[in-house]
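Me: I'd like to go through this model with you. Can we take it one question at a time?

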Amino acid sequence: MNAPGRPRPFVRLAAAVTTAATGGIATLLLAAGPVAAVGERGTPGGKLSAAETFAIFVGAPVAAAAIIAFLVVLPSMVRGPRYRPGRSWASASRWFGEPAGGEVAAEAITSLPPATVEGGGASARW
Amino acid sequence: MPAGEAFTAHQALQVRQAIAAAEAETGLTFSVYVGRVHGDPRPYAMQLHAALADQADRGVLVLIEPEARRVEVVTGETARRRLDDRAAGLASLSMATSFAGGDLTGGITNGLRMMAQAAARPPVLHQHDSD
């Protein structure tokens with residue numbers, strides 16, 4: 001770590017940016033205050049129509065909820081279907097490194113060759 | 001699991017790459033079957049292994065039955081000398097653990113890597129039992 005009293009360059013930069021941004025926002029708020037107050041006088045605008053009311057108080061929340069739900073579901077949509085242990089398996093079988101003839105040829109084999117019989121292996125369940 | 005493909009294109013690519021890496025590392029032939037089996041998976045796995053024909057001797061077949069939750073590893077006669085039953089058992093246990101967590105692709109690629117590592121060691125040609 002650096003010696004105390006000598007902040008690293010990016011820390012100093014961050015401090016400068018924060019100070020400038022805070023000052024700028026404060027100035028804007030002070031300047032906008034009286035201007036915004038002018039519009040508050042006078043009669044209120046016209047009533048909202050039924051459609052506008054519906055859009056603001058029902059449409060906007062529903063749209064926001066839909067967007068959030070979509071963002072939640074998006075990662076699993078991108079990742080594709082997922083195997084869930086215990087659920088039934090409806091997908092077609094897949095054989096990587098499939099020999100010529102495939103499963104049909106394999107099922108037709110009645111007597112196993114010595115290369116298979118003399119071999120070994122293991123099994124596990126989950 | 002919806003009907004159709006069990007693996008996305010990317011997942012299938014990962015499995016194929018893992019098979020290719022294991023084959024390059026060991027010189028054995030690796031084959032992975034994922035699907036339902038009617039009846040006992042073990043005899044079916046041996047049938048699939050026999051279907052490797054002239055590759056069966058050096059072949060390692062991995063059968064994964066997602067519904068019966070079984071994984072079977074069948075090694076050929078020559079392949080067994082490189083990948084003994086103990087190493088195959090360790091790999092199948094590791095795969096089963098991943099599958100129990102719902103990760104088919106990760107389990108397959110990890111299992112293949114484990115088997116490749118075990119088979120890549122120089123085979124023990126002679127061993128003293130008394131040591």
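Me: What is the mean pLDDT of chain A?
Reply: This is a predicted model, where local features need pLDDT of at least 70, side-chain atom pairs count only at pLDDT 80 or more, and totals for chains, interfaces and linings use all residues. Residues are numbered from 1 along each chain as its sequence is written, while chains are lettered from A and ligands numbered from 1 in the order in which they are written. pLDDT is the predictor's confidence in each residue, from 0 to 100. In chain A, 79% of the residues reach 70 or more, and the mean is 81.

Me: Which element of chain A has the lowest mean pLDDT?
Reply: Helices here are DSSP runs of H or I with at least four residues, strands are runs of E with at least two, and both are numbered from the N terminus. In chain A, the highest mean, 93, belongs to helix α2 (residues 50–79), and the lowest, 70, to helix α1 (residues 9–38).

Me: How are α4(B) and α5(B) oriented to each other?
Reply: Their axes (lines fitted to C-alpha atoms over the stretch in contact) are 8 Å apart. The angle, taken between N-to-C directions on a scale from 0 to 180 degrees, is about 165 degrees. Angles under 35 degrees count as roughly parallel, over 145 as roughly antiparallel, 65 to 115 as roughly perpendicular and the rest as oblique. So α4(B) and α5(B) are roughly antiparallel.
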